[in-house]
Amino acid sequence: MTEREQLEYSALRATIRERGTARFYVFAGGFAAWSALVVATAALAFSPLATLLPLLVLAAIFEAVFALHIGVERIGRYLHVFHEETGVTKWEHAAMAFGRPKGAATTDALFSIPFFLAAVVNVAPALIVEPTGPELIFIGGAHALFILRLLVARETARRQRAIDQARFEELRTQRD
């Protein structure tokens, strides 16, 4: 590995570490802010439409977490293809080969369940002010769209690793 390649590798591993840590901070800090907003909405709202502001904040937090996760995965695949030697098992190769063994503990890098539960809780202030039918449909629809986004993003993230891997291998073949 040349000095330039070593510097790039080190910088990208540091980026993975920093973005991975940032994802947890964005989630925890964002949830704290969202929670305060939901409590304020429940205490002060006179309209069910007020629940859209905390939902928007919740969606923004999720999108930040999602972007951080996809970026980390993409950098990992780049390192896998461009910095690890074929036939030599290093971190990225080992992580890809390890996969998810049956029965092993798994984590949800996107925090899908907490976001889903937050979306359900977010509707509560709208129900306190006794919404009309159209308001309930509109508010429920907005929350349903957010939940759909969670499901689509989760499925996209599941497939993204293989897609990125294939694309970087294609780029490497074109380069060589």
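## Salt bridges and helix packing

Arg74 is partly exposed, with a relative accessible area of 36%. In this predicted model, Arg74 forms a salt bridge with Asp164, and their closest N and O atoms are 3.1 Å apart. Arg74 belongs to helix H2 and Asp164 to helix H6 (residues 133-175), so the pair ties together parts that are 90 residues apart in sequence. Asp164, for its part, is buried, with a relative accessible area of 5%.

The structure holds 8 salt bridges.

| Salt bridge | Closest N to O distance |
|---|---|
| Arg74 and Asp164 | 3.1 Å |
| Arg158 and Glu155 | 2.5 Å |

Arg158 and Glu155 both sit in helix H6, 3 residues apart, or about one turn of the helix. Arg158 is exposed at 58% relative accessible area, while Glu155 is partly exposed at 30%. Arg167 and Glu170 are also both in helix H6, again 3 residues apart. Arg167 is partly exposed at 39% relative accessibility, and Glu170 is partly exposed at 40%. A network of salt bridges links Glu73, Arg77 and Arg161.

Now for the packing of H2 against H1. Helix H1 (residues 3-44) and helix H2 (residues 52-82) pack at an angle of about 170°, with axes 9 Å apart; the two are therefore roughly antiparallel. Their contact has 22 nonpolar, 7 polar and 4 charged residues.

Arg19 is found in helix H1 and is partly exposed, at 34% relative accessible area. Leaving aside residues up to four places away in sequence, Arg19 touches Leu68, Gly71, Val72 and Ile75.

Key
Residues numbered from 1 in each chain as written. Predicted model: local features only at pLDDT ≥ 70, side-chain atom pairs only at ≥ 80, totals over all residues. Heavy atoms only, no water. Axes fitted to C-alpha atoms, helices over the stretch in contact; angles between N-to-C directions. Helix = DSSP H or I, 4+ residues; strand = E, 2+ residues; numbered from the N terminus. Parallel < 35°, antiparallel > 145°, perpendicular 65-115°, else oblique. Nonpolar A, V, L, I, M, F, W, Y, C, P; charged D, E, K, R; others polar. Buried < 20%, exposed > 50% of the residue type's maximum accessible area, 1.4 Å probe, protein only. Contact = heavy atoms within 4.5 Å. Salt bridge = Lys/Arg side-chain N within 4 Å of Asp/Glu carboxyl O.
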